[in-house]
Amino acid sequence: MARILAKEIINKENQAVELTGWMAARRNHGKIIFVDLRDISGVAQVVFIPKDKNLYELADTLRSEWVVKISGTVKKRPTGMENPNLENGQFEIQAEALEILSQAETAPFPLDTDGYEINEDIRMKYRYLDLRRGRLQKNIKLRSQFIQLVRSLLISGGFSEIETPILGKSTPEGARDYLVPSRLEPGKFYALPQSPQQYKQLLMVAGFERYFQIARCFRDEDTRGDRQPEFTQLDIETSFMSEEDILALTEEFCLEAVKKVFPGKKITEVPFPRLDYKGVMEKYRSDKPDLRKDKNNPDELAFAFVVDFPMFEWKETEKRWDAVHHPFTRPKTENIEEIKKEPAKVTAFQYDLVCNGYEIGGGSLRSYKPEILQAVFEVMGHKPEEIKKQFGHLLEAFSFGVPPHGGIALGLDRLLAILLNEPNIREVIAFPKTGDGRDLMMGAPAEIKPEQLKELHLKKGE
């Protein structure tokens, strides 16, 4: 007999079935034992009666979270005993066979609550148990559906999904890099990508024109509720598209994905408003304003694009100019002297997507003319020899015919936390780090053996 899922019993009345899963609950009502069997699809009620003494006694030993296989016949529940909260709540299985596949220790916390009341450290230590709770099962499944829909929409729009390297080169992109020592080249290091920025631009040089990736990104920065050392972004790059083309594309797949996966959400305004940076800062004192009409309504989504950012910002502690977004952003002027002499006045083809007071995405048109990139790097204080060392490969690539290009990246973790009404992104990631960047389940970061350090030509600091 082939196994079926709990949700499928609605189509199996009076048929023999086999189910496997976890013991969600056991209730002994006198001479009848009721068991709630949980699998990936939901819960099914199973009934054991004393008619088969051995089976009944075995069922009486069952405990929470044991893994079992149950065979029986699907029957309609007695009138008045239906459960309207379950899709299959009109049916139950009359048990005829039971096999205990594995037993379970008592869980360190309850699994039948939403989990918010439990200390986060213990939830993270036993994350594989925490993930059994209904709320997190729903979150991770909806995350999968959302990503799958966005992927389908982009592929149908002519985009190619292309993976880019995880081991790359350390370049100044705004945050600290995670570094990986090279065993074969002592003293040299790879860097984990803060984003696939240079690779996706090189894909435009390669002529792919429409690229996307569900990209893993890494930044060694202070963590908080909406940040993690590693995170996932929907990364998009296009050739020959204007800023408005890219914003319209972003709006289109956001609208479609919310409509299909989160139909209960109401979007405040369509098309999404385009707000210039200067005006937003003057009016809201923030570049990620919360534009909801009713901020107490968790199902309202107020999307907006913030555009026309300044190209540069002054870093007082370092006494130098830095790029607001990144150095590859295209200034709204091609006058080299203006860029070098009046950086404070230069605006950029940069845009952010905001929602409910959070920045959930950002992008720009890119500088594709080497002389513009050179000027931007010089304003940021880079010496010509440093520019050549750090970005020579990109400047060389641009000498072989590069199309005008631009893109955007959306933080999927942050967007999904908003869509799922979660307080932080850890609630929408299967195996997140804690707020201070630790993996309590695996015990990372961890020390490594002296022989591993030696093999990598490293010495432990005092």
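Between which helix and which strand does the loop that holds Glu65 lie? Glu65 is placed in the loop between helix H1 (53–59) and strand S4 (67–76), where helices (H or I, at least four residues) and strands (E, at least two) are DSSP runs numbered from the N terminus.

## Basis of the model

This is a predicted model, in which local features need pLDDT of at least 70 and side-chain atom pairs count only at pLDDT 80 or more, while totals for chains, interfaces and linings use all residues. Residues are numbered from 1 along each chain as its sequence is written, and side-chain values use heavy atoms, with hydrogens and water left out.

## Backbone features in loops

Glu65 has a positive phi of about 75° although it is not a glycine, and at 7% relative accessibility it counts as buried (buried means under 20% relative accessible area, exposed over 50%, and partly exposed in between, with a 1.4 Å probe and protein chains only). Glu209, in the loop between helix H5 (197–205) and strand S9 (210–218), is also not a glycine and has a positive phi of about 70°, but Glu209 is partly exposed, with a relative accessible area of 37%.

A cis peptide bond, with omega about -5°, joins Val270 and Pro271, and Pro271 lies in the loop between strand S11 (266–267) and strand S12 (274–276). The peptide bond from Ala444 to Pro445 is likewise cis, with omega near 0°, and Pro445 is found in the loop between H11 and helix H12 (450–455).

## The nonpolar cores

A nonpolar core is a set of buried Ala, Val, Leu, Ile, Met, Phe, Trp, Tyr and Cys residues joined through side-chain atoms within 4.5 Å. The largest one holds 42 residues, of which Phe146, Leu234, Phe253 and Phe262 touch the most other members. Among the elements that each supply at least two residues of this core are helix H4 (134–156), helix H6 (243–261) and helix H11 (412–419), and H6 gives the most, with eight residues. A second, separate core of 24 residues includes Ile9, Val46, Leu62 and Val74.

## Packing of H4 against H11

H4 and H11 pack at an angle of about 120°, with their axes 11 Å apart; axes are lines fitted to C-alpha atoms, for helices over the stretch in contact, and angles run from 0 to 180 degrees between N-to-C directions. The contact (heavy atoms within 4.5 Å) is made by Arg143, Phe146 and Ile147 of H4 and by Leu412, Asp413, Leu415, Leu416 and Leu419 of H11.
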